[in-house]
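Reader: I should like to request a close look at one part of this model, namely its aromatic rings and their surroundings.

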Amino acid sequence: MTELTGLIEVATHAQNLVADFQQVTLYDEEIREPAIRGFIIVGCFVVLPVAVAWFFERCSGAYERRHGITDD
């Protein structure tokens, strides 16, 4: 009888442990729309300007090498 009680106790503990790690989807939480807006905002105000600055820096470096301009 003690083995059965121990088995029930382990099964209950395992069930609680599995329930803690189950996640709800983004759709169920209704946070998909704000998350998409957040990624768009970060893309527009962070990633895009950094990419443009990197591109202009590369172009200016190529222009300086081509025309022999130094930083003296």
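Reader: By the ring-centre rule, how many aromatic pairs does the count come to?

Author: The count comes to one aromatic pair, where rings of Phe, Tyr and Trp (its six-membered ring) pair if their centres lie within 6.5 Å, and planes under 30 degrees apart count as stacked, over 60 as edge-to-face and the rest as tilted. The partners are F55 and F56: their ring centres lie 6.0 Å apart and their planes stand at 50°, so the pair is tilted. F55 is partly exposed at a relative accessible area of 46%, whereas F56, at 54%, counts as exposed; buried means under 20% relative accessible area, exposed over 50%, and partly exposed in between, with a 1.4 Å probe and protein chains only.

The model is predicted, so local features need pLDDT of at least 70 and side-chain atom pairs count only at pLDDT 80 or more, while totals for chains, interfaces and linings use all residues. Residues are numbered from 1 along each chain as its sequence is written, and side-chain values use heavy atoms, with hydrogens and water left out.

As to the setting, the protein has three helices and zero strands, in the order α-α-α along the sequence; helices (H or I, at least four residues) and strands (E, at least two) are DSSP runs, numbered from the N terminus. Helix α3 spans residues 32–67 and includes V50, which counts as exposed at 55% relative accessibility. V50 also belongs to a nonpolar surface patch with I41, V42, F45, V46 and V47, whose accessible area together is about 590 Å². Such patches are made of residues with over 30% relative accessible area and no salt bridge, like charges being joined within 9 Å and nonpolar side chains (Val, Leu, Ile, Met, Phe, Trp, Tyr) within 5 Å. A salt bridge is a side-chain nitrogen of Lys or Arg within 4 Å of a carboxyl oxygen of Asp or Glu.

For the protein, 1% of the 72 residues count as buried. C44 is partly exposed at 41%, as is C59 at 35%; the search of the whole structure finds zero disulfides (cysteine sulfur atoms within 2.5 Å).

Confidence is given by pLDDT, the predictor's score for each residue from 0 to 100. The protein averages 79, and 78% of the residues score at least 70. The mean is highest in α3, at 88, and lowest in helix α2 (residues 26–29), at 59. Where pLDDT is low, the predicted coordinates should not be read in detail.

Notes. Areas by Shrake-Rupley, 256 points an atom, 1.4 Å probe, with all protein chains shown as cover.
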